[in-house]
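Here are my notes on this one, in numbered points. Have the model open while you go through them.

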Number of protein chains: 2
Amino acid sequence: MHKDFYPSRTGENAGKITNRKDPVVYGNAAEGPLDKNDLDYYNENGYLLYDDLFNEEELKVMQEGLQDILNKNEKKEADHIIREPGSNEIRSVFEIHKDDPFFKSLSKNKRIVQIAEQLLGSQVYIMQSRINFKPGFKGKEFYWHSDFETWHVEDGMPNMRAVSCSIVLTDNHEFNGPIMLIPGSHKWYVSCPGKTEEDNYKTSLKKQESGVPENKKMEKLVEEANGQIDRAVGPAGSVLFFDCNTMHGSAGNISPFPRSNVFFVFNSIENKLVEPFGTGQPRPEFLANRENIKPIKPETSTFRKSQYA
Amino acid sequence: MHKDFYPSRTGENAGKITNRKDPVVYGNAAEGPLDKNDLDYYNENGYLLYDDLFNEEELKVMQEGLQDILNKNEKKEADHIIREPGSNEIRSVFEIHKDDPFFKSLSKNKRIVQIAEQLLGSQVYIMQSRINFKPGFKGKEFYWHSDFETWHVEDGMPNMRAVSCSIVLTDNHEFNGPIMLIPGSHKWYVSCPGKTEEDNYKTSLKKQESGVPENKKMEKLVEEANGQIDRAVGPAGSVLFFDCNTMHGSAGNISPFPRSNVFFVFNSIENKLVEPFGTGQPRPEFLANRENIKPIKPETSTFRKSQYA
């Protein structure tokens, strides 16, 4: 049995905020690609936003890849295809780093992998990947959560040593439900009330019921951030890296503009999943890779338009 | 019978966007208090935002007045008190310009009334008043709508000659569900599909089902605005004036910060309500004043803290 440094949903821990017990940045500036300023910012805030990692042509290829996934899965019913509550539109498609040749290649792209390696101070692997679509007019909100809380309780991620990489493929405006992040929230661990139901993931991907932080805890986190809540707003092609424990969420989207992004979770090869800390049965492979884990060999990906011609 | 210049919810008109048939600004710059720049801006965009109409002490008195209304109505059940769907928190309290001495006086305050008079080129009266609360964490979205469409169809407002005045009593941030407005949308009239149910207002104040513009129409309005959607963001005390036909809405509020505002609808004394254009029975008086209508005599209100001591 692994020691549980971050108990949650155990009843008696409901309502506790404790300090993070792990480093935030595991690597150092000398290794690159990030410099000291970047690392300090990430360490302090729990996220970093870039708008120049990919050029316009590459963006276009990624958008075509996205459309390709949408088209392929439009009428498919499968566990790894999640639809909006109250409509039939696709919200997320998981496992794109395995199922799709283009996104498989993108997931190994050294421009993003080497940043993950530096932040986590080790080789990395993809713990989860997905494409998210937030349709215009009716995109639903996603309430505040720490990904780590879920990954720890339901998937058995032992320590905070993972980073999410979100490549936005549509412009993110203030008015179309961008990701909101609470600066500095990654330094705290908020244990959640309640217990986890069996097969919780089947509903939680649409609407969270457990793993939801209490209002008082959220007030405390925002107070510590001097009342600031940041939004990942930027042009298509922007890339957001955020710590696995950064508290984030998003409001609904009533604007006509859909939001879509590619989402890779890089986990340190030294932080592989063990038995879940809060449930008996681990979640399925498409949500949390645990089989045949090998570190990524970073690649200089080619972005060729002809791929989808 | 009055001629219906703006048919909506009649079935056959679903899907039409037509030009506004009324002026936007009825007065002129020479009269004041607004100068030509302000009037041009309002004419072009359909709204104006001020952050210096009231000072800090006055804001404090208004906030106390708001809290007073909340306290008084906390446990009261009445048609004019609207609660959040899915919780029991108060969303709106109507008729505050009649029921509450402080807000009665505020509704006649010359700083706001004279702006309404200038915009509408006549004396004005309060057609509707309310206080809105949007609680933190669970404030629900309010979908796109033109107030005029509802006021025309359900209340019998003949022409576009009314202006809403919203005094925000909490800071409006990008992240706590501020009012979003589509610049220039007031120049178009979007007739809505469907028919109006009897007593529609009982549900529409919580969640709109009719009077909802179609997606294609919304796309057109936003396209005409060059993809821009504006947010009424500003410190507590800011005052937003917007034309009765400006398309607006708001996303939900998952932040810890509630949003509240005082809302007065000034209608031209020359634009009094007639029979509803789309329903048999007019909505109740608390939603649309039609009894004993007299023009407001603007007052230099006193804001005394002792009022609530």
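1. One term before the rest: a contact here means heavy atoms within 4.5 Å. With that in hand, take chain A: among its contacts with a separation of 6 or more, 86% are between residues 24 or more positions apart. Keep in mind throughout that this is a predicted model.

2. Overall build of chain A. Its secondary structure comes to eight helices and 13 strands. The C-alpha atoms fill a box of roughly 55 × 50 × 40 Å along the principal axes. For 309 residues, a compact globule would have a radius of gyration near 19 Å, and the 18 Å of chain A agrees with that.

3. Cover and surface. In chain A, 59% of the 309 residues count as buried. The accessible surface of this chain is about 12,900 Å², and carbon and sulfur atoms make up 47% of it.

4. How the two chains relate. Chain B superposes on chain A by a rotation of 180° with 0.0 Å of shift along the axis, at an RMSD of 0.0 Å. The two copies are thus related as by a two-fold rotation axis. Both use the same surface, too: 100% of the contact residues of chain B recur in chain A.

5. Over in chain B, which strands make up the open sheet? Four of them, in the order E6-E12-E8-E10, with antiparallel pairing. Strands E6 (142–145) and E10 (230–231) of chain B stand at the edges with a single partner strand each, so one side of each has no neighbour in the sheet. Inside the order, E8 (residues 180–181) and E12 (residues 248–250) of chain B are an antiparallel pair with two bridges.

6. Is His248(B) buried or exposed? Buried: the relative accessible area of His248(B) is 6%, and the cut-off for that label is under 20%. A polar atom of the His248(B) side chain lies 2.9 Å from the backbone oxygen of Thr246(B). Leaving out residues up to four places away in sequence, His248(B) touches Tyr143(B), Trp144(B), His145(B), Asp147(B), Ile179(B), Met180(B), Leu181(B) and Phe242(B).

7. Last, Ile293(B), which sits in the segment after strand E13 (259–268) of chain B. At 18% relative accessibility, Ile293(B) counts as buried, the cut-off being under 20%. Which residues does Ile293(B) touch, not counting those up to four places away in sequence? They are Tyr125(B), Ile269(B) and Lys272(B). Of these, Tyr125(B) is 168 residues from Ile293(B) in sequence, yet the two are 7.1 Å apart in space, C-alpha to C-alpha.

Conventions
Residues are numbered from 1 along each chain as its sequence is written. Chains are lettered from A and ligands numbered from 1 in the order in which they are written. This is a predicted model: local features need pLDDT of at least 70, side-chain atom pairs count only at pLDDT 80 or more; totals for chains, interfaces and linings use all residues. Side-chain values use heavy atoms; hydrogens and water are left out. Two strands pair if DSSP finds at least two bridges between them. Helices (H or I, at least four residues) and strands (E, at least two) are DSSP runs, numbered from the N terminus. Buried means under 20% relative accessible area, exposed over 50%, partly exposed in between (1.4 Å probe, protein chains only). A polar contact is a pair of N or O atoms within 3.5 Å; within protein, one must be able to donate a hydrogen and the other to accept it, and residues adjacent in sequence count only if both atoms are side-chain atoms. Copies are superposed by least squares on the C-alpha atoms of residues with pLDDT of at least 70 in both. The radius of gyration is taken over C-alpha atoms; the globule rule is 2.2 Å times the number of residues to the power 0.38. Accessible areas come from the Shrake-Rupley method with a 1.4 Å probe; for residues, only the protein chains shown count as cover.
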